[in-house]
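The entries are in the order in which I made them.

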Amino acid sequence: MRKQLTCDVVVVGAGMVGAACAYYAARAGLEVVVVDRGPVAGGTTGAGEGNLLLSDKEPGPELELALLSRRLWGELADEFGAAIEYEAKGGLVVADTPTQLAALEAFAGSQRTAGVDAVSVGSDRLRDLEPDLAPDLSGGVRYPQDAQVMPALAAAHLLRACGARVETGRTVTGVLHTPDGSVRGVRTDRGDLHAPFLVNAAGTWGGHVASLAGVHLPVLPRRGFVLVTEPLPPHRIRHKVYAAAYVADVASDSAALQTSPVVEGTAAGPVLIGASRERVGFDRSLSLPVIRELAAGATRLFPFLDRVRVMRTYVGFRPYLPDHLPAVGPDPRVPGLFHACGHEGAGIGLAPGTGHLIAQVISGQRPSLDLHPLRPDRFPEATPR
């Protein structure tokens, strides 16, 4: 006979967002089971750079969630600190041309009104911040609130600290319902898990988990590659540095390949180089043209990287929703079902706020932010084939 396990909340997904949901639900006094068909941080989280960014977000619901998450990341840094390789390094966005700089300044101005610390940097001061930057850039904006963590470590530490039961290597095959249609738990390949609340934190597979519950959520994978260099001396690159074009790429709806240079060091020494975006399903094939574009963009910003070896490259998939906002909160179509997915490339940074909001609603509190713009049922239902 299959074993049945009863708890308060089942979280599907052991990545950073799922770990944050479990962490804050457990802190609210709820008994939590986290289930994932793979290992902890085995999906998008394990392929992420660990960016905690305000710099790429325009005023609106996502920036509000980012500001909440930034405050919570500060608390988590006090608790876990070096164990999760937290670095309050700040970000630096640079412009190639005066036209790009004017657009970047206008964007930063709108962010300042929303509470973001954005400091204009003239071309003559860029190399005070990053001595190895190319000398012919037009200027930039520094974002002191941007930070970085090692995402797999962060997810693992949150799960360990909250005391949730973590069931890895266990695949959810269905959602159980009560006679009135509410959530009763999940069916897995190793038995049923009974709970009145289910959190869909399955990342790029969030649409699939939603379909198991009988609802539509149009999550799609958006592929990206990262290059990892040989270790360099600490703080050779001091900030997360990226080109102004990156902001437009993040907001783009195009399925075609887009690349814009993003360069940052890590606590362990290697430099991470991105960023590419394209919608090609779950195709993990190595693309040499993309790799070459990423390398060229990085050396354009930091010419010395032309003499640094790339040790490896890896690929990941961002969970993309058509309006570039995550689905966070209860699903009115299925009582007891909550979604915490669709964060695209911002899931690491937005995870604490997401988990905090989910835990507030499940425990009967008023959420810290208005969840209406992030409601899971905002998308048109899929057209039957």
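The entries below go from the overall fold to the core, the cavity and a pocket.

**Entry 1: basis.** I worked on a predicted model, in which local features need pLDDT of at least 70, side-chain atom pairs count only at pLDDT 80 or more, and totals for chains, interfaces and linings use all residues. I number residues from 1 along each chain as its sequence is written, and side-chain values use heavy atoms, with hydrogens and water left out.

**Entry 2: overall fold.** I find nine helices and 20 strands in the protein chain, taken as DSSP runs numbered from the N terminus (helices H or I, at least four residues; strands E, at least two). The radius of gyration is 21 Å, close to the 21 Å that the globule rule gives for 385 residues, so the chain is as compact as a globular protein of that length. That radius is taken over C-alpha atoms, and the rule is 2.2 Å times the number of residues to the power 0.38. I note that 57% of the 385 residues are buried (under 20% relative accessible area, 1.4 Å probe, protein chains only).

**Entry 3: core.** Of its 69 residues, Trp 73 and Val 199 touch the most other members. A second, separate core of 26 residues includes Leu 5, Val 12, Val 183 and Leu 321. Beyond four places in sequence, Trp 73 has contacts (heavy atoms within 4.5 Å) that include Met 16, Leu 52, Ile 84 and Gly 349.

**Entry 4: cavity.** I searched a 1 Å grid over the protein atoms alone for cavities, sets of points where a 1.4 Å probe fits but cannot get out; lining residues have an atom within 4 Å of a point. The largest cavity has a volume of about 40 Å³, the volume being the space filled by probe spheres set on the points. Trp 73 lines this cavity, as do Leu 52, Leu 53, Leu 54, Ala 66, Arg 70 and Gly 349. Helix α2 (residues 61-80) gives the largest share of the lining, three residues.

**Entry 5: pocket.** I then took the second largest pocket, a pocket being an open set with protein on both sides within 12 Å along at least five of seven lines. Its volume is about 420 Å³. Of its 24 lining residues, Asp 56, Lys 57, Glu 62, Val 250 and His 324 are the closest to its centre. α7 gives the most to this lining, with four residues.

Terms used
A nonpolar core is a set of buried Ala, Val, Leu, Ile, Met, Phe, Trp, Tyr and Cys residues joined through side-chain atoms within 4.5 Å. Buried means under 20% relative accessible area, exposed over 50%, partly exposed in between (1.4 Å probe, protein chains only).
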